[in-house]
Amino acid sequence: PAWLRRLCGQLLSERLMRPKGVQAVVRGIMEGTGAGGAGAEAAAVDWRKCDTVAKILASCPQQCLSLEDYYRLVCPQILDLLHIQDKLTARQFQRVATTTVLTMAKEHPQLAEKHLLQPLLAPLLRCSET
């Protein structure tokens, strides 16, 4: 029903914009994916889940005051997904993060550059300046 969809969307949006919210949402959705499944079918399911999660993260919720605020709150958390230590989890999180970065860069290039690409490339730029 529409009311349930709206309520779930609101709860998901609120969680995403809290500290560590992106990681919590990704863990919740990806839980169990890739843990024991082998073969092409399991890999395809894993990729589809990663793409779906990336689309969710790249979409600014209706409850957010502005797209700029959403990017400011969520993008650092997306970049944090690249630093997960557990190897199995890291692979999935990195897929989600890279797909989200690509999606955001296509949809809102200026905001993605400011909140994703500049922080991601800052160490490289510092090295090239010296």
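Trainee: Starting with T89, which residues does T89 touch, not counting those up to four places away in sequence?
Mentor: T89 touches R27 and I84, once residues up to four places away in sequence are left out. Keep in mind that this is a predicted model.

Trainee: Where does T89 sit?
Mentor: T89 is placed in helix α5.

Trainee: Buried or exposed?
Mentor: T89 is buried, because its relative accessible area is 14% and the cut-off for buried is under 20%.

Trainee: Back up a bit. How many helices and strands does the chain have?
Mentor: The protein chain has 6 helices and 0 strands. Along the sequence the pattern reads α-α-α-α-α-α.

Trainee: What share of the residues is buried?
Mentor: Of the 130 residues in the protein chain, 33% count as buried.

Trainee: And the contacts, what percentage join residues at least 24 apart?
Mentor: Taking contacts between residues at least 6 apart in sequence, 68% join residues at least 24 apart.

Trainee: Now helix packing. At what angle do α4 and α5 pack?
Mentor: Helix α4, residues 67–80, packs against helix α5, residues 87–107, at an angle of about 150 degrees. Their axes are 10 Å apart.

Trainee: Left-handed or right-handed crossing?
Mentor: The crossing of α4 past α5 is left-handed.

Trainee: Which residues meet there?
Mentor: From α4 there are Y70, Y71, C75 and I78, and they meet A97, T100, V101 and M104 of α5. By class, the residues of this contact are 7 nonpolar, 1 polar and no charged.

Trainee: What about α2 against α4, how do the axes cross?
Mentor: Helix α2 covers residues 21–30, and its axis comes within 8 Å of the α4 axis, crossing at roughly 60 degrees. That angle makes α2 oblique to α4.

Trainee: Which residues make the contact?
Mentor: On the α2 side they are G21, V22 and Q23, and on the α4 side V74, Q77 and I78. The classes here are 3 nonpolar, 3 polar and no charged residues. I78 is also among the α4 residues that meet α5.

Trainee: Switching to charges. How many salt bridges are there?
Mentor: The count comes to 2 salt bridges. One of them pairs E68 with K114, with the closest N and O atoms 3.1 Å apart.

Trainee: Which helices does that pair tie together?
Mentor: E68 is in helix α4 and K114 is in helix α6, residues 109–129, so the bridge ties together parts 46 residues apart in sequence. E68 is partly exposed at 30% relative accessible area, and K114 is partly exposed at 47%.

Trainee: And D69, which side chain does it meet in a salt bridge?
Mentor: The side chain of D69 meets that of R72, at 3.4 Å from N to O. D69 and R72 are 3 residues apart in helix α4, so about one helical turn separates them.

Trainee: How accessible is D69?
Mentor: D69 has a relative accessible area of 24%, so it is partly exposed. R72 counts as partly exposed too, at 44%.

Trainee: Last topic, K20. What is the phi of K20?
Mentor: K20 has a positive phi of about 65 degrees, although it is not a glycine. Most residues other than glycine have a negative phi.

Trainee: Where does K20 lie?
Mentor: K20 lies in the loop between α1, residues 2–16, and α2.

Trainee: Is that lysine buried or exposed?
Mentor: K20 counts as exposed, because its relative accessibility is 57% and exposed means over 50%.

Key. Residues numbered from 1 in each chain as written. Predicted model: local features only at pLDDT ≥ 70, side-chain atom pairs only at ≥ 80, totals over all residues. Heavy atoms only, no water. Axes fitted to C-alpha atoms, helices over the stretch in contact; angles between N-to-C directions. Helix = DSSP H or I, 4+ residues; strand = E, 2+ residues; numbered from the N terminus. Left-handed = near helix turned anticlockwise from the far one by under 90°. Contact = heavy atoms within 4.5 Å. Nonpolar A, V, L, I, M, F, W, Y, C, P; charged D, E, K, R; others polar. Buried < 20%, exposed > 50% of the residue type's maximum accessible area, 1.4 Å probe, protein only. Parallel < 35°, antiparallel > 145°, perpendicular 65-115°, else oblique. Salt bridge = Lys/Arg side-chain N within 4 Å of Asp/Glu carboxyl O.
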